[in-house]
Every structure is written in C-alpha cells, then in structure tokens.
Amino acid sequence: MIEIKTPAEIESMRRASRVVAEVLAQLKPLVKPGVTTAELDKFAEKRVRELGAVPAFLGYRGYPATLCVSINEEIVHGIPSPKRVVREGDIVSLDMGAVCGGFYGDAAVTVAAGEISGQARRLMEVTSGSLEAALSKVRAGARLGDVSRAVQEYAEGNGMSVVREFTGHGIGRHLHEEPSIPNFGKPGTGPVLKPGMTLAIEPMLCLGRADVIVKNDGWTAVSADGSLAAHYEHTVAVTEDGCDVLSRA
Ligand code: MF3
Ligand code: CO
C-alpha cells in the first residue's frame with residue numbers, strides 16, 4: 001500500500017527535507033582535496049542536530065554514520081572514514097537523511113573536488129538531468145513507470161548506464177516505504193500517482209557498465225568495471241498538477 005500523507009504530514013517532511021538540503025549545501029564547499037570523508041560526516045551530524053533534526057541513516061540496519069560518501073567508482077553507501085582523503089579530480093556523492101517530528105527527508109548530490117575531467121562533469125550533468133526529467137513526469141494521474149522510464153531514457157539517450165540493483169522509494173514515517181522506484185521501466189505501467197504520495201527519487205548512473213559489486217564492508221557499492229558513478233536524489237510530494245520538491249534548498 002502506498003500511503004497518502006496529509007498536508008500537515010507533508011509539512012513535517014518538508015522540515016526534515018530542508019534540513020537535509022541545507023546541510024548538503026553547507027557540505028559542498030568543504031568537498032576539497034585533503035578533506036577526509038569522516039570530517040564531512042562529523043560536520044553533517046553536528047549541523048543536522050543543531051537544526052533540530054536527527055540523522056536518519058545512523059544506526060539504520062547497522063549503518064555507522066550520518067552521511068554516505070561515495071567517491072568515483074563508488075556508487076552509493078560509502079562509509080565515511082578518517083583514512084579516506086578526497087583528492088583533486090574526484091567526484092564525491094553525498095547522500096543524507098534526517099528525521100523531524102517523526103517524518104523523514106532524504107536527498108543526495110554529487111560534488112566535484114577541484115578540477116575534474118570532462119567525462120566526469122558530463123556524468124554529473126546527465127545524472128542531475130535524469131533526476132529533473134523524472135520530476136517533470138510526477139503529477140497526479142501519471143504512472144510510476146512514466147517516472148522510471150524518464151530517468152532511463154534521459155540517461156541512456158546521453159550515453160550513460162543506469163544502476164538496477166538500487167532504487168528510489170516511498171518515504172514518510174519511515175525512510176523506506178512503498179513503492180520501490182526503479183530508474184528504468186515502461187511508461188503506462190505501475191501504480192497511478194495520487195496527491196499526497198511522497199517519493200524519494202534517486203538516479204544512480206555509471207559512465208561505463210552499470211553492474212554492481214558490494215565491497216566486503218557490507219555497504220559500499222562500486223561499479224564492477226571501475227567506471228565513474230554519480231547519484232542525485234530528491235524527496236518530493238505528488239500534487240494535483242505536478243511535483244512539490246520538498247528537498248529543494
Ligand atoms: N538514500 C539511500 C537510500 O534511500 C541511503 C540509505 S543509506 C542507509 O537507500 F544507511 F540508510 F541505508
Ligand atoms: Co533514498
């Protein structure tokens with residue numbers, strides 16, 4: 001069952017999502033050669049709590065941090081570490097969730113550390129563009145497959161590949177709710193979207209093949225061929241005539 005949220009519940013989700021957006025925006029300028037991923041995580045946790053929210057990932061299924069920091073061929077769920085130093089030319093995906101008054105927000109961005117290659121820049125642009133393509137399909141009466149297909153069409157049309165092992169998800173009272181939102185699919189299929197549904201849409205794209213390996217830390221997902229990956233995510237509410245992006249800064 002896909003839960004419909006009341007306007008008041010959506011406002012709680014907006015508060016949580018805005019905390020995420022604000023902290024991600026504050027992290028961006030810190031993503032520079034020499035910073036460790038543990039330093040980024042420490043900053044994120046401190047800011048989330050100062051803003052009156054609680055980190056959503058910390059302790060979730062045993063995940064040990066506030067942030068996921070996934071660098072280059074790492075796709076998602078990179079665990080922050082004091083030993084992992086950001087280098088010039090890296091692309092760094094930052095994924096974070098927060099809880100406010102019992103409701104969740106979840107968002108992700110990919111950030112360039114210093115000067116990056118043209119290919120890396122293009123991957124970031126196409127991944128961000130595929131998220132915007134998905135958001136443009138969200139409205140009451142559309143089908144979930146329309147949204148999934150929009151990501152796939154935009155990504156593959158621009159020469160990138162779509163990760164299939166991980167999906168977006170419903171969100172609200174829990175970090176992960178129904179439905180699961182693949183980044184590939186067929187238009188005109190899947191559940192019909194209704195006002196008050198709340199979704200976390202999160203394309204993960206690779207420059208090469210999209211096959212995934214999970215490292216033996218049990219979390220870090222990397223591209224099997226070592227190609228670069230990028231990840232963007234927004235938490236949104238379905239409205240009568242479109243999409244209310246709750247995690248827009
Ligand atoms: N944005 C990701 C997701 O929704 C991050 C989850 S990380 C975890 O699945 F640690 F919370 F699992
Ligand atoms: Co998510």
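1. A polar side-chain atom of Glu 202 sits 3.2 Å from an oxygen atom of ligand 1. Polar contacts here are pairs of N or O atoms within 3.5 Å; within protein, one atom must be able to donate a hydrogen and the other to accept it, and residues adjacent in sequence count only if both atoms are side-chain atoms. The protein covers 94% of the 330 Å² of accessible area that ligand 1 has on its own. Accessible areas come from the Shrake-Rupley method with a 1.4 Å probe.

2. On provenance: this is a predicted model, in which local features need pLDDT of at least 70 and side-chain atom pairs count only at pLDDT 80 or more, while totals for chains, interfaces and linings use all residues. Residues are numbered from 1 along each chain as its sequence is written, chains are lettered from A and ligands numbered from 1 in written order, and side-chain values use heavy atoms, with hydrogens and water left out.

3. Two further contacts to ligand 1 deserve a look. A nitrogen atom of the ligand is 2.7 Å from an N or O atom in the side chain of Asp 95. An oxygen atom of the ligand is 2.9 Å from an N or O atom in the side chain of His 176.

4. Which residues are closest to ligand 1? Asp 95, Asp 106, His 169, His 176 and Glu 233, out of 13 that surround it; near means a heavy atom within 4 Å. By class, this shell has six nonpolar, three polar and four charged residues. Ala, Val, Leu, Ile, Met, Phe, Trp, Tyr, Cys and Pro count as nonpolar, Asp, Glu, Lys and Arg as charged, and the others, Gly among them, as polar.

5. Ligand 1 takes up the largest pocket. A pocket is an open set of points on a 1 Å grid over the protein atoms alone, where a 1.4 Å probe fits, with protein on both sides within 12 Å along at least five of seven lines; lining residues have an atom within 4 Å of a point. The largest pocket holds about 400 Å³ of space. Its lining counts 22 residues, with Tyr 60, His 77, Leu 175, His 176 and Glu 202 nearest the centre. Strand 7 (168-170) and strand 8 (177-181) each give two or more residues to that lining.

6. The second largest pocket has about 240 Å³. Among its 16 lining residues, Lys 28, Ala 108, Val 109, His 234 and Ser 247 are closest to the centre.

7. Check the backbone too. A cis peptide bond joins Glu 178 and Pro 179, with omega about 0°. Pro 179 is in strand 8; strands are DSSP runs of E, at least two residues, numbered from the N terminus.

Technical notes
Sits in = over half its atoms within 2 Å of the grid points. Points joined across faces, edges and corners; volume = space filled by probe spheres on them. Helix = DSSP H or I, 4+ residues; strand = E, 2+ residues; numbered from the N terminus.
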